[in-house]
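Hi everyone, thanks for coming.

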Amino acid sequence: MLGMVVVSVLATIVGIAISLAIDWFPPQASTAADDIDQLWDVLMTASVPIFVLVMSVAIYSVLVFRAKPGDLSDGAPIHGNTKLEIVWVTIPFIMVSVLAAYGWIVLDQIEEKQAGDTVVNVTAQQFAWRFDYPDEGKVKSNQLVLAKDRPVEFHVRTEDVLHAFWVPEFRLKTDTVPGLTTRIRVTPSRIGEYEVVCTELCGLGHSTMRQNVRVVSQQEFDTWVGEQKKEEQGQASTAGGDQAAEGKRVFTEDGCASCHSLADAESASGIGPGLDDLGDTARRMGKRHGQSPAQYVRAAIANPDASLTRDFNAGVMPTDFEKRLSPAEIDTLVKYLLSVSEGGK
Ligand code: CUA
């Protein structure tokens, strides 16, 4: 018995030391990260002794009260022990309540509204993220760029299914729910490049649903906003001028690149058919249905399940691209795809 107690105490000390020594998380890049990591350490420190106690009692019982070989008699009748039961209900109740209160306090702190915060809209869509900045004159981007020390309130929406918006370095995570706008606050505190990760299984392309986050200085952020605005104006004024660039933009920013490989757009995903020989396919398939290559590609975007190619299944590609994209965008996209693929010229 004494030996068991000594072993348990040692196991507890070693267990706590290991759990605190392990570097569980990526770098801390938001003001909330420190509080959350501290909460984690407290939870680990509280859990290890309980785990060791339960395991010690279990192992001790198995070793000491084991039936001797050949002993077929009944065990001693047990009627419970009121004192023991009060102890093992009260202590865990107090521990869990204290930890719950502590968790609540931390959550309340990190969710508190910050002075001078700015809104960033996040839109999830199979299988890409889009961001727009209503406070910066509706700047749109497929890369998340944030200014260091500037509090942000994310308004997170989805255009299709459940996704989850996660930036591990910010210790921030929230579900995107169809029909709802979820909100989450964060203050980036470390300059660097991180990743937005989708952490809710949302379809075949789930694992590819990752995008860049860049935390930069306020000055660099302002420069970036200026560039984005200029680029958007440029797009509006040269509409029709630089068709290829616009087609590539639609391809990479509106979700196509998450599933289809295309050398010109440097995408390499294998979830949907590769599009490097789309021109040949469109000519062949189009002929069969009495369509021009462009008509075939357009129909395949609008109704993907009707134009399945070998090795690919129905129901994988979203069927609402005709609604998501404007007719002009689809037109540009089709022209772009045919112009950069084998046999499309
Ligand atoms: Cu979106 Cu997983």
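So, what radius of gyration does the protein have, and what would a compact globule of 345 residues have? The protein has 29 Å, while the globule would be near 20 Å. That radius is taken over C-alpha atoms, and the globule rule is 2.2 Å times the number of residues to the power 0.38. Along the principal axes, the C-alpha atoms fill a box of roughly 85 × 60 × 35 Å.

A quick word on the ground rules. This is a predicted model, where local features need pLDDT of at least 70 and side-chain atom pairs count only at pLDDT 80 or more, while totals for chains, interfaces and linings use all residues. Residues are numbered from 1 along each chain as its sequence is written, and side-chain values use heavy atoms, with hydrogens and water left out.

Okay, the layout. We've got domain 1 (2-59 + 83-110), domain 2 (118-232) and domain 3 (239-340), with bounds from an automatic or database domain assignment. In secondary structure, the protein comes to 9 helices and 10 strands; those are DSSP runs, helices being H or I with at least four residues and strands E with at least two, numbered from the N terminus.

Let's look at where domain 1 meets domain 2. Their centres, taken over C-alpha atoms, are 33 Å apart. Still, 11 residues of domain 1 are in contact with 11 of domain 2, contact being heavy atoms within 4.5 Å. Together they bury about 910 Å², with 55% of it on carbon and sulfur atoms. Buried area here is the accessible area (1.4 Å probe) that two parts lose on being put together, summed over both. On the domain 1 side, Pro-27, Ala-29 and Ser-30 supply 49% of the area buried against domain 2, more than any other three residues.

How many salt bridges are there between these two domains? The count is 1, using a side-chain nitrogen of Lys or Arg within 4 Å of a carboxyl oxygen of Asp or Glu. Asp-37 also forms a salt bridge with Arg-171, the closest N and O atoms being 2.9 Å apart.

Most residues other than glycine have a negative phi, and most peptide bonds are trans. But the bond from Gln-126 to Phe-127 is cis, with omega near 0°, and Phe-127 lies in the loop between strand E1 (118-125) and strand E2 (128-133). Then there's Asp-149, whose phi is positive, near 70°, in the loop between strand E4 (144-147) and strand E5 (152-158).
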